Amino acid sequence: MTTEPVTELGSGSALRLAHARVVPLSASPSSYTAAVERYLTGTGIAKSSARICRISLTTWGWMLAGEPALAGPARRGAKPPAVPVTAIDDPALPEVLAELAAARVDEMDADTVNRELSITRKAIGWWQRQGWIVGDPMIGIERRPTPPDCTKALAENQIAARWRLDVGLREKTHWKMLYESAARADEVLCLNVEDLHPGDKRGRTLARAAPLSGFTGIPGPPSCCPD
């Protein structure tokens, strides 16, 4: 967006500065859909990311039009609203949008809501810089707290604490093999003595699929957020 000084002829033939006029950097698109496509191509977003961005901007497009957005699988095939991008400057939109965004938290997980929020904010900022819109109806809408990640691998001190637990040798051996091999529990339990090679710490088993990343196979603490 650029500003262009405008001068007017005042009384007594004196020139005076009247105001600054906003000059769009490019012609405004005819619809919100066109604005989305101009954003995706104008910012050089990779094709692999453009699909996710388009879904998010279509979802929020309905809310920017003052309507509830679709949730679940239906949102992937949803069509954007047939409204001009200038509808974002409706002075009544911020209050309506805040209510719709709050309701959406109950429908979708926090990670999805936050990702959509981030993508839409970037698009609105780009449209503002093009001079197509002026306001930002998303001001005041905050990211939602995400639940703690319970899938992270245990720290070294947590692992050491498990070795000291008062449990049988069979259980400790099972945990140790799971920890050092990252194999599945059923794979380890199906091992026979003749399948083991203690010298090089190897065993022969038939793996069905790759192990889960970060999985230790060792029982975690009662809480997923230990001190």
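# Reading a predicted chain, from surface to core

Author: The chain exposes about 14700 Å², of which carbon and sulfur atoms supply 56%; such accessible areas come from the Shrake-Rupley method with a 1.4 Å probe, and for residues only the protein chains shown count as cover. This is a predicted model, in which local features need pLDDT of at least 70 and side-chain atom pairs count only at pLDDT 80 or more, while totals for chains, interfaces and linings use all residues. Residues are numbered from 1 along each chain as its sequence is written, and side-chain values use heavy atoms, with hydrogens and water left out.

Reader: Which elements does the chain have, and in what order do they run from the N terminus on?

Author: Helices (H or I, at least four residues) and strands (E, at least two) are DSSP runs, numbered from the N terminus. Here there are seven helices and four strands, and their order is β-β-α-α-α-α-α-α-α-β-β.

Reader: How much of the chain counts as buried?

Author: Buried means under 20% relative accessible area, exposed over 50%, and partly exposed in between (1.4 Å probe, protein chains only). Of the 227 residues of this chain, 29% count as buried.

Reader: Where on helix 3 do its buried residues fall?

Author: An α-helix has 3.6 residues a turn, so residues three or four places apart point the same way. In helix 3 the buried residues are L93, L97, L100, A101 and R104. Seen down the helix axis, these residues fall within an arc of 100 degrees, so they line one face of helix 3; the arc is that of the directions from the helix axis to the C-beta atoms. The face turned away from the buried side carries the exposed residues E95 and E99.

Reader: What covers the buried residues of helix 3?

Author: The cover includes helix 2 and helix 4. Looking at one residue, L97 touches W60, M63, L64, P137, M138 and I141, not counting residues up to four places away in sequence, where contact means heavy atoms within 4.5 Å.

Reader: Which residues have the most contacts inside the largest nonpolar core?

Author: In soluble globular proteins, nonpolar side chains tend to be buried together. A nonpolar core is a set of buried Ala, Val, Leu, Ile, Met, Phe, Trp, Tyr and Cys residues joined through side-chain atoms within 4.5 Å. The largest one here has 27 residues, and W60, L97 and W127 have the most contacts inside it. Helix 4 gives the most to this core, with six residues.
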